[in-house]
Amino acid sequence: MPNAEHAIVVDRLCKRYGALVAVDDISFKVEKGEVFAFLGPNGAGKSVTTEIIETIRTPTSGKVTVLGLDVGKRKTEIVRRIGVLPQNFSSFDRITVRESLRYYARVFGCKADIDALMDLTNLTDKADAQFNTLSGGLKQRLGIAAALVNDPEVVFLDEPTTGLDPHARRQVWDVLKGLKKRGKTVFLTTHYLEEAELLADTVAIISRGRIVAIDSPARLTEQNAEKAQLTLESIDASALGLIRKMGFVPTRTGDGNVQVPVAGAEDVRAILEEMHRAGLALPGLDVRKPNLEAVFLKLTDAPSDDRPDGGEA
Amino acid sequence: MTPRIIAANLDVRLRSFYRQKSAMFFTFAFPVILVLVFGTIFTTPDHLNLDLSVQDLSRTASSTRLIDALTANETFRITQVAADVDATQYAREQKKNLVLVIPANFDAPPNHPLGQGGVAGAVPLTYVYDPSSTSVTTKIHLLDMVVAAANQTATGVPPRFKLVPASILPERYRFIEFFVPGIIAMAIMTSCLSNALNMNAELRQKGILRKLSTTPNTRADWLVSSILYQLILSAISTAAILLVSYAVFDVRLHIGAWLPLIVVVEVIAFAGIGMLLTPFAKEAESASAVANAFLFPMMFLSGTFFPVEMMPAFLQSFAKLLPLYYVNEALRAAMIFADDPATLRSVGVTAAFAAVAFAAGTFKTRWDEGT
């Protein structure tokens, strides 16, 4: 089988809606067993790409294979081997958690261990609650459980934590870590950079229908981020002059603090020692490491509303 | 198409339906209530008010005989009006639609025909009536008949002609027998259309469709389970309507192989129409509005509540474009008249409607939300 070593291969994929180019000639590969985070602002073509890989939409041109199978030709086979949590997952209002999972298991024709799935997603207490009585976090967890009934090789999670409170988000993260431990390939789209940083092996960033960066979160930050930012609280002009003399480029912020881009911990120590030697009082300070969020903001544009993204298209 | 998936879909739909009490009410209880209400109003024999006010200014043996004749066979319930009041004023004030005035010179010589004039020398019997009342015409006819009979007795001439009724309908055909097939057709249409539209809007609006399209569930699976679901609901609702009609009104209808066949054809026809209407009902809120916009004219113009023949000619022609008209025709031909050729004709037209609507609906509905 071609590309059998990859879970997903996207090759020169294009998707157009009339004159509008939603996805513009993108290519990438997802290794088996990795957590692949797919990031991008709203309207960048993220959901369209995801739904093409999930076999919900069809590409205009290009080739997409999932587990070596062409999404255009082998939908039936692919669908049995993947599990999908769509964006804003929803289910039948008056059907309970247990019944929903049993329903999806019957549809897939597999003997799923419903109790184990509810256990994994922490839903056992809510087994007999109807869908319309569940909170957002519970609904998402049911969606994840439903995506796992057929014991899929690739799990797609489209914005699994959007709209969840911090506790609910952490619970979903725990489920995700559990999936990774069990060797599942996870294709994750998210708006939360910390989520990608925490969970993903590979991060791809899409902007205006094109992939602008793809690498591990650590390397992406290393290559693209600005320097670390040292913030010194309310220091006077002499201290500012001192730092300038050392060759740094400090800037005053509106609240009277001073920000100094630094290369690392060595620079911070040097600045503090120099101030100490000059007999200046040591100020309050804060050091921000470069992160994925900074990379994301640098590489992508502000969201635009004129691109289809999601089910309404 | 996979039977296992169809069964799973059916199970989920029936559970959802069972847990939604308002849907249960409108599907099962509402048609039954309609049958009970309309059946009671239109089949109670004395719904026609046969009160008659009589002002007897003669007060003789012959006037008493006439009043006896009027009350015989429970034709009229007589209210006597005092001699000193004005009959017209009395009718207005007491809201009586018919007052008969027997004149003082009523006790005419024998062999002198009675009547309101036209016959020379006849004694005028005046009746004061309210032309805006709908039942007064019938009462005047009855009054005429009693007076004619009294004339005959008075003159001693035997009747020359006699009317013999021969109904085109089986015995005891009443409004209720006309009404029940109409309600069966209406209940099936309503439940098919509104369930199809609401379910589709819910699936679409909530994005369940997106999830379903990433499972082995195909459009054909979903469609077949929807049809089966509608058939089960229709069977239960038809059974409930018939049970109540038999138990309460003792209806005489022919229940045979035609009934289930007509139900199946109607379900397919309206499932197809439901699919064609879904693009107009994207949200659950507009779904019921779209359904009603379609259901109400259909209900009133297709002869559900009254025969289409009562409507002006142009509306009758319009009714013949509506599928429900043919369902009604088919059900009545089968259940009231047991007329196989007529039933077959209407079933044929309905089936043609069903085939076209279903094919067009299937063609138009996209399982995938966007491609």
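Modeller: The crossing of α9(B) and α13(B) is left-handed, meaning that the near helix is turned anticlockwise from the far one by less than a right angle. This is a predicted model, in which local features need pLDDT of at least 70, side-chain atom pairs count only at pLDDT 80 or more, and totals for chains, interfaces and linings use all residues. Residues are numbered from 1 along each chain as its sequence is written, while chains are lettered from A and ligands numbered from 1 in the order in which they are written.

Biologist: How is α9(B) oriented relative to α13(B)?

Modeller: Helix α9 (residues 258–277) and helix α13 (residues 340–364) of chain B have axes 7 Å apart and pack at an angle of about 30°. Angles under 35 degrees count as roughly parallel. Therefore α9(B) is, relative to α13(B), roughly parallel.

Biologist: How many residues of the contact of α9(B) with α13(B) are nonpolar?

Modeller: Among the residues that meet are Trp258(B) and Ile262(B) in α9(B), and Phe353(B) and Phe358(B) in α13(B). Contact requires C-beta atoms, placed from the backbone, to lie within 7 Å. Nonpolar covers Ala, Val, Leu, Ile, Met, Phe, Trp, Tyr, Cys and Pro. Besides 5 polar and 2 charged residues, the nonpolar ones number 17.

Biologist: Which element gives the largest share of the side of chain A that touches chain B?

Modeller: The contact takes 27 residues from chain A and 22 residues from chain B. On the side of chain A, α2 (75–81) and α3 (97–108) are the elements that give two or more residues. The largest share, 6 residues, comes from α3(A).

Notes: Contact = placed C-beta atoms within 7 Å. Helix = DSSP H or I, 4+ residues; strand = E, 2+ residues; numbered from the N terminus. Axes fitted to C-alpha atoms, helices over the stretch in contact; angles between N-to-C directions. Parallel < 35°, antiparallel > 145°, perpendicular 65-115°, else oblique.
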